[in-house]
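Take a look at the protein below. Let us walk through it step by step.

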Amino acid sequence: MFSFCTDPATLETFQWFACYLTTGKHMEIYYAVGTVLLLLALTAPTALAFGFAGAAAARSAVAPLRWFGKTYIAIVRGVPDIAFFLFFVIALDQALEYVRHRIKCPDWDQAVWQGNDFVVCQAAKLPLGNSPQWVHDSYAFLVAALTFAIVFGAFAANVLFGAMRAVPRGQLETAEAYGMSQRQTFWRVLVPQMWVYALPGLSNLWMVLIKATPLLFLLGIQDIVYWARELGGAAQPRFTDYPHPDWRQWYFLALLIFYLCFTKVSEVVLDRIMARLTFGQATAAGEAQRKAAA
């Protein structure tokens, strides 16, 4: 905090806002921006890994794997995101606690389900009741990130499955004619070429993921939406040195600008990646590049 922030009542307008925006409570919204960026950094590669595994399973020659991959894609894509988020987070948490309960408390003689309550021994709690607050926050965040990855992994699987089918069959047959095994054909021919067809869908999915980060607020995590609501609400003089009327519209306007700038930067980066991938490829985008360079 600035050194001149000693008596808010005597500060000029600019100094007042400088002090107001650097209070300890305001730092929470800046930390929350890092929370959103960390969520994206963890979720995007994990969802892509889930998606690739789901797409590979969906086109597998082994029937159980194929059924599993197609079921994963169909179920997650068919359930509303909010319902899945709210259900899966609770279900995953209870499943983990139940497994720990069976291991750590084998002598427990009470029912786990007691009416609408889910009751396990204290040693099975996740996190433990005496754990620091940062452990509870980290656990909630990791469960939320896993849920994001599973949901968006299903959408990514659908995109990648379609991209794999878009690769010309003739190229796969040529690889097989040269004596490549199915594994070699998959990794050396199919996978390198499918990204050209997958990137438009994955780009759109990335934009949707960015816009879905406010769902953290619904999961009880103190993200930027939570702090925009808390800090923007009217502050009374008896509770703070920096009283103000209801400023939530300005805070949410700042969030709007943040997300618009983030998506614009993402568009620029994704366009460059697409240009690099399509260079020299026999696709519509590659042909457009060839004609532009001619």
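What follows covers confidence, then the cores, then the salt bridges.

This is a predicted model: local features need pLDDT of at least 70, side-chain atom pairs count only at pLDDT 80 or more, and totals for chains, interfaces and linings use all residues. Residues are numbered from 1 along each chain as its sequence is written, and side-chain values use heavy atoms, leaving out hydrogens and water.

Start with confidence. pLDDT is the predictor's confidence in each residue, from 0 to 100. The protein averages 82, and 91% of the residues score at least 70. Where pLDDT is low, the predicted coordinates should not be read in detail.

Now go inside. A nonpolar core is a set of buried Ala, Val, Leu, Ile, Met, Phe, Trp, Tyr and Cys residues joined through side-chain atoms within 4.5 Å. Buried means under 20% relative accessible area, exposed over 50%, partly exposed in between (1.4 Å probe, protein chains only). The largest core has 70 residues. Phe 148, Phe 152 and Met 194 touch the most other members. Helix α5 (residues 133-166) gives the largest share, 18 residues. Helices here are DSSP runs (H or I, at least four residues), numbered from the N terminus.

Finally, look for charge pairs. The whole structure holds four salt bridges, each a side-chain nitrogen of Lys or Arg within 4 Å of a carboxyl oxygen of Asp or Glu. Arg 169 pairs with Glu 173 (3.6 Å, N to O) and with Glu 176 (3.8 Å, N to O). Arg 229 meets Glu 230 at 3.1 Å, N to O.

Technical notes:
Helices (H or I, at least four residues) and strands (E, at least two) are DSSP runs, numbered from the N terminus.
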